[in-house]
Amino acid sequence: MPLTEIGSSDRLLAELRTWVEAETPTTDAAAVNRLMDRCAVELQAVGGQLERLPGHDGYGDTLVCRTPGQGAPIVVAGHLDTVWDHGTLATSMPWRIDGAKAHGPGIYDMKAGSFFAFHSVREILRQKIATKRPIVLLLTPDEEVGSPTSRAPIERAAAGARAVLIPEPAGAGGACVTARKGVGRFDIAVKGVSAHAGGNWSEGRSAVVALAEVILKIHAMTDLAAGITTNVAPIQGGTRPNVIPPEASCEVDLRVPTIALGERMEAAILGLAYKRDGIEVVVTGGMNRPPFAETDDIRALYAHARALATKHGYELPVQHRGGGSDGNFTAAMGIPTLDGLGCTGAGAHAPHEHIIWQDLAPRCATLCALLEEIG
Ligand SMILES: [Zn+2]
């Protein structure tokens, strides 16, 4: 039986509130680092072996905390950044408990889950619980923009690990996640020739029209049966109605279920570039998160988690999800990865974001027990 005392949902909610009230948009490294500082002080106080990797490119630091023990570790990783700008708490999304729901910016994605990871490791250390394997906790600053600076430390920690646990938000019905699509991102920039839309129409080459043609081709690449989707947004183009537009651009999001389809779709989208008759289409980008595919090892981890959830009084269904996470990196390395172990709720990246706060204690207890018990 797990031995770590997690505490009640009331007690967890009170501390989680302080995390939510520390607004941490990815774009504000100092704000992310202030929350990182608090975590570091607490983990240090209970004897965690800490390593702090300084941020770069305008992002915050990554905090690594190790617990004692021998053998391949269990890695647990959570991001402290959110998609919400400063002031969200004071305006559109104040801290609010409304019956079963607790609202606040980033509470569901993923302050609650990252708090689970931090709290579990802190309590394991503080209560001197002997775990079967050492634990490596990572708190990261930049997942919401694709983990440009934390991907390398996550992959370093995962290399040779026994398992990786990701407490991203639970899915519908409290589901954890055993597979995620891979994500590609592309930028398309079109150059045309400007001209007076009345006087010199024939001399112009519309970058907007050329971009529109490319957009329709990308949209047509969606194949729902194969699990491939594309989305073009945002788009920009032109200057004034009476000027043939010399420039237009857009961004593209691609989702694929397998590495092979990722390679094929990446080549297809990059292959849309051309230069002829006064128009130049430049396509840059590629796959930025590899697909996270379910394996037998992942199914075994899930079975373990489900058994623990039953002990803690709830069902743990499973889900394959379209959205990527840091679990994509570790699963693609072949390390058994279980995701969606955070809190129940809804509204990630949306104004109705909330958690079901009475689930804090049982969900955190399952994560903590996995950290103790995975052999
Ligand atoms: Zn997240």
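Predicted model: local features only at pLDDT ≥ 70, side-chain atom pairs only at ≥ 80, totals over all residues.
## Helix α5: extent and N-terminal cap

Helix α5 comprises 14 residues, 207–220. From the first C-alpha to the last the helix reaches 20 Å, close to the 20 Å expected at 1.5 Å a residue. Its N-terminal end is capped by serine 206, a side-chain oxygen of which lies 3.2 Å from the backbone nitrogen of valine 208.

The buried residues of α5 are Ala207, Ala210, Leu211, Val214, Ile215 and Ile218. Viewed down the helix axis, these buried residues fall within an arc of 140°, so they line one face of α5. An α-helix has 3.6 residues a turn, so residues three or four places apart point the same way.

Packing against the buried residues of α5 involves the strands β9 (182–191), β10 (229–237), β11 (247–256), β12 (274–276) and β13 (279–289). On the other side of the helix, Leu216, His219 and Ala220 are exposed.

## Strand β6: burial

Strand β6 spans residues 135–140, and six of its six residues are buried. Ile135, Leu137 and Leu139 point one way from the strand, whereas Val136, Leu138 and Thr140 point the other way. In a regular strand the side chains alternate between the two faces of the sheet.

## Strand β6: pairing

Strand β6 pairs with β2 (residues 62–66) in the antiparallel sense, through four bridges. With β3 (residues 74–79), the pairing of β6 is parallel and extends over six bridges.

Leucine 138 of β6 takes part in both pairings: valine 64 has leucine 138 as its bridge partner, and alanine 77 stands opposite leucine 138.

Definitions and conventions:
Residues numbered from 1 in each chain as written. Heavy atoms only, no water. Helix = DSSP H or I, 4+ residues; strand = E, 2+ residues; numbered from the N terminus. Expected span 1.5 Å × (residues − 1). Buried < 20%, exposed > 50% of the residue type's maximum accessible area, 1.4 Å probe, protein only. Arc of directions from axis to C-beta. Contact = heavy atoms within 4.5 Å. Polar contact = N/O pair within 3.5 Å; in protein donor to acceptor, adjacent residues only side chain to side chain. Pairing = 2+ DSSP bridges.
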